[in-house]
Amino acid sequence: VGSAAKEAMALEQAIQALRPVLYLGLSGLAFAISLHAPKQGQRLALLPLILIPAFLSLSAALHVPFAPGVSLVWAQALTGYILHTISTLHLEGIPPPCPSVPGSPTPGSNTCFGFDFGYFRRIWLNPRLIRVHSNQAAQERPKQSRGVFLVLQLSKLLTYYTIQAKIAPALYDEVVIDILPDDVAPYQQSLWRPLNGFTARECLNVTFVTFSSFWTTFVYLDGMNALMGALFVMIGLDDPEDWPPLFGHLSQAVGLRNFWSRFWHTLPMKTYRSIGESISLRIIGCSPRSFAHKSIIALVAFGLSGAAHALIDWQRRSPDWHLNIYWFLLNFIGCMGESLVVKMLRQLARRAGREHDLQTLEESWLGRFLGYVWVCVFFCWTVPMWRFPEIHRQSLAFQSMRQLLSNMQIVQR
């Protein structure tokens, strides 16, 4: 009976793990049919057949009982895939691989019964549309051999595993103190908490939570990108040029705007820009080079990011799902404030004839240092409002369990 129950449980877990993949496959089939449809009306009619299985895949992935980190990455990727579908097939109107349609690409060698599998594969899960058009060949980075690419990606995976499984737990036990419910209480979550009573313990808690929030996301996303890139290049389905870095260099994260636009993962940026430009140019009617146009694109990008994270937390039944939207909009306000301050300083320098001096200061170590400090201060100020409520609930549950265990007594017969 015990072995039969274990087999049934294993089968149920396998079905739960396969369900998100099956739903994504159904969505991909509808995407392929829509991509080959010659008219936008046909694509619009097929859109629900793409989006409904994608949402079902997202929901099913978050309810897989094992591998919560992988499930979360899957859900985040699906929110990007949903927006990529709307942007690519409807806003940008990428043409089908049909010679009878003006401007469409020529069908490749993988065409079968009018279906170009190679063209579909290049577009389906490729929100950056890397190497989709033939004119992108000249813009590619210098080619990297498959051997070097695999060595770099597998070394990255080994490094991440070592840090997460070996170094981080030991460092946490030695350096980081236990976070108690009072450390993340509601008054600690306020954006306007007083600094006169800010203790070293509070500073350590805020720094740890802020750093770990970004570090965990960085490791999962970059690790999955390295794993998938190594797999597809190893089996010969892709080239190394199809898997560029997901994140920029840390030296590019100078200032809040550069952090989000140049350093943090650039996977959804093309999609966000396409949706933002459609709203700004087609609906509002802004000038393409105006400050309002750029501001609307930034607002749409941060709004969609917040909505995507909120959707995932809502599916996880988190009561604080709305805080994702608030936090990303705070980042938009911070970027706008940074833009206005920089613009004002440059105007003052221009009037005083000190443009070259200001540019020299911006490019110097002092300018870069101030940019890094501003990013760290902003995140340490806003992340507690975003992350502390969930940590507070977890801390209360852990404290209740610890009290329950401490009150238990061993009864000897």
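Visitor: Which residues line the largest cavity, and what counts as a cavity?

Guide: On a 1 Å grid over the protein atoms alone, a cavity is a set of points where a 1.4 Å probe fits but cannot get out, and lining residues have an atom within 4 Å of a point. In this predicted model, the largest cavity is lined by Asp 313, Ser 318, Asp 320, Leu 323, Asn 324, Trp 386, Arg 387, Pro 389, Glu 390 and Arg 393. Helix 10 (323-351) and helix 12 (365-407) are the elements that give two or more residues to this lining. Helices here are DSSP runs (H or I, at least four residues), numbered from the N terminus.

Visitor: How much space lies in the largest cavity?

Guide: A volume is the space filled by probe spheres set on the points, with grid points joined across faces, edges and corners. For the largest cavity this is about 70 Å³.

Visitor: How is a pair of packed helices described?

Guide: The description uses the angle between the axes and the distance between the axes. Axes are lines fitted to C-alpha atoms, for helices over the stretch in contact (heavy atoms within 4.5 Å), and angles run from 0 to 180 degrees between N-to-C directions. The axes of helix 7 and helix 10 come within 8 Å and cross at roughly 115°. Trp 260 of helix 7 and Trp 327 of helix 10 are among the residues making the contact.

Visitor: How many residues does the largest nonpolar core have?

Guide: A nonpolar core is a set of buried (under 20% relative accessible area, 1.4 Å probe, protein chains only) Ala, Val, Leu, Ile, Met, Phe, Trp, Tyr and Cys residues joined through side-chain atoms within 4.5 Å. The largest has 36 residues, and Phe 214, Phe 259, Trp 260 and Trp 327 are among those with the most contacts inside it. Helix 12 supplies the largest share of this core, eight residues.

Notes:
Residues are numbered from 1 along each chain as its sequence is written. This is a predicted model: local features need pLDDT of at least 70, side-chain atom pairs count only at pLDDT 80 or more; totals for chains, interfaces and linings use all residues. Side-chain values use heavy atoms; hydrogens and water are left out. On a 1 Å grid over the protein atoms alone, a cavity is a set of points where a 1.4 Å probe fits but cannot get out, and a pocket is an open set with protein on both sides within 12 Å along at least five of seven lines; lining residues have an atom within 4 Å of a point. Buried means under 20% relative accessible area, exposed over 50%, partly exposed in between (1.4 Å probe, protein chains only).
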